[in-house]
Amino acid sequence: MLSEIQSIIENQGTSIEAWFAEKFKQYPPFIYNSVDLRYSGHKITAVDTNIFPAGFNNLSAAARDASALELKKYLHKDIAKILLITEFHTRNLKYLENISTLKKIIENTGREVFLASFNPEFTQAINIEDALGQELTIYPLERKNDSIITINGYEPDLIIFNNDLTSGSPEILKNIKQEIIPPTGMGWYRRTKYEHFQKYNHIASEFAKEFNFDPFFITTELGFCKKVNFKERKGLECIALETEKTLQRINEKYKQHNITSEPYVYIKANQGTYGMGIMTAKNADDVFAVNKKTRNKMNSLKSKKLNEQILIQEGIETIDNYQGAPCEPFIYLINGKATGSILRINANKDAQTNLNSTGAEFIAADNLKDFSTKLPTYAVIAQLAALAAKMEEYQNEE
């Protein structure tokens with residue numbers, strides 16, 4: 001399967017570029033995305049798409065340079081002063097290393113960058129070190145008429161968010177004159193994975209039709225449930241039913257394509273990130289048999305947000321591995337263009353389970369021999385996911 005799609009990308013690269021260029025005219029890309037991918041041997045598809053990505057610290061030096069070049073094209077020439085809004089959890093040293101790296105990437109476009117946070121505990125600027133001992137200054141924010149400024153009076157031309165807004169969009173941002181990118185309406189308090197993957201399946205199928213191959217190879221089957229409470233075992237009947245329906249559709253497709261693997265599904269929180277709220281199931285009984293520990297893990301997300309909606313998504317087993325451990329690639333995009341790639345490796349997990357959990361390690365994939373030939377294909381799938389994410393925004397505006 002991969003060789004077929006690789007061949008299409010190699011032989012029709014110019015046409016594919018033109019296709020994306022036309023689509024991104026209609027749906028201008030976000031400033032940045034990262035897209036988690038899975039390759040099973042018979043499928044290659046996106047399994048998560050971030051609009052406020054972290055992990056820039058894991059990019060290679062070449063990828064950071066490529067990101068700065070693409071970012072320079074994206075930013076309007078009149079923008080000189082930028083405010084980068086961070087997550088609240090300033091004790092996460094690896095996240096702060098991500099912020100250090102992202103700040104340098106933006107500064108390499110010739111802009112000035114200050115850091116700020118909406119953390120209500122902040123009443124004055126703080127200095128904090130990241131995982132490499134690099135010191136960062138993070139400022140509290142104030143409102144001055146219709147502008148956002150830092151407590152020391154820094155007034156940006158542009159505000160860039162690196163906070164996924166799980167808890168909602170801050171009141172202080174309403175009706176300000178400065179542009180905010182990505183828009184706060186794309187935060188996880190509002191955005192849903194089910195909507196995203198519906199959009200992804202739609203645009204991926206359109207792409208497959210345009211370039212004459214079966215969309216089965218780059219899409220996943222989906223199900224959805226709401227009004228769920230794992231702790232109280234509410235809504236499990238819906239999850240079990242949707243699991244069975246999704247598995248039935250997968251089985252039918254597998255038979256059509258002579259695939260003998262046993263299908264399974266991911267049961268995911270419909271909102272949120274950080275690999276929280278994910279389990280697997282091979283039948284309805286797996287849903288009802290879930291133990292108390294797993295139910296507690298599935299019940300709440302980042303910032304203690306209750307997990308009330310569930311996405312059921314076709315499971316994609318990874319055949320990618322690094323030094324014997326299962327891994328999965330994710331692609332970083334700036335302005336809709338792939339600029340870097342990383343592998344998430346987790347020796348504590350197997351090829352079917354969620355690798356974004358305790359024990360995960362990250363390395364740049366750009367120059368790894370086993371992955372260099374796959375990266376152009378991974379990049380195209382990531383572009384489809386970035387396009388789908390932008391299509392979400394347009395639907396939310398309608």
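# Exercises on strands, helices and buried residues

Strand 4 (residues 112–116) and strand 6 (residues 135–139) run parallel and are joined by two bridges, where two strands pair if DSSP finds at least two bridges between them. Helices (H or I, at least four residues) and strands (E, at least two) are DSSP runs, numbered from the N terminus. The model is predicted, so that local features need pLDDT of at least 70 and side-chain atom pairs count only at pLDDT 80 or more, while totals for chains, interfaces and linings use all residues. Residues are numbered from 1 along each chain as its sequence is written, and side-chain values use heavy atoms, with hydrogens and water left out.

## Exercise 1

Identify the bridge partners along strand 6, and describe the hairpin that strand 5 and strand 6 form.

Solution. Turn next to strand 5 (residues 126–129), which runs antiparallel to strand 6 and is joined to strand 6 by four bridges; here glutamate 129 stands opposite glutamate 135 of strand 6. Finally, the hairpin of strand 5 and strand 6 has five residues between the strands, and glycine 133 takes a positive phi near 85 degrees.

## Exercise 2

Decide whether threonine 86 is buried or exposed, and list its contacts.

Solution. Locate threonine 86 in the loop between strand 3 (81–85) and helix 4. Its relative accessibility is 1%, and therefore threonine 86 counts as buried (buried means under 20% relative accessible area, exposed over 50%, partly exposed in between, with a 1.4 Å probe and protein chains only). Contact means heavy atoms within 4.5 Å; leaving out residues up to four places away in sequence, threonine 86 touches Tyr95, Ile99, Ala116, Ser117, Ile138, Asn162 and Asn163.

## Exercise 3

Describe how the axes of helix 3 and helix 4 cross, and which residues make the contact.

Solution. Two packed helices are described by the angle between their axes and the distance between the axes. For helix 3 (residues 61–74) and helix 4 (residues 93–107), the axes come within 8 Å and cross at roughly 50 degrees; axes are lines fitted to C-alpha atoms, for helices over the stretch in contact, and angles run from 0 to 180 degrees between N-to-C directions. Helix 3 is therefore oblique to helix 4 (angles under 35 degrees count as roughly parallel, over 145 as roughly antiparallel, 65 to 115 as roughly perpendicular and the rest as oblique). The contact is made by Arg64, Ser67, Ala68 and Leu71 of helix 3, together with Thr101, Ile105 and Ile106 of helix 4.

## Exercise 4

Work out the strand order of the open sheet of four strands, and say which strands stand at the edges and which helices pack on the sheet.

Solution. The order is 11-14-12-13, with antiparallel pairing. Strand 11 (222–225) and strand 13 (278–281) each have a single partner strand, so one side of each is left without a neighbour in the sheet. Neighbouring strands are turned by 20 degrees against each other on average, direction ignored. Strand 11 pairs with strand 14 (residues 310–314) over four bridges in the antiparallel sense, and cysteine 225 has isoleucine 310 of strand 14 as its bridge partner. Helix 5 packs on the sheet, touching strand 11, strand 12 (265–269) and strand 14, and its direction makes about 160 degrees with that of strand 11. Helix 6 (residues 236–256) also packs on the sheet, touching strand 11, strand 12, strand 13 and strand 14, with its direction at about 175 degrees to that of strand 11.
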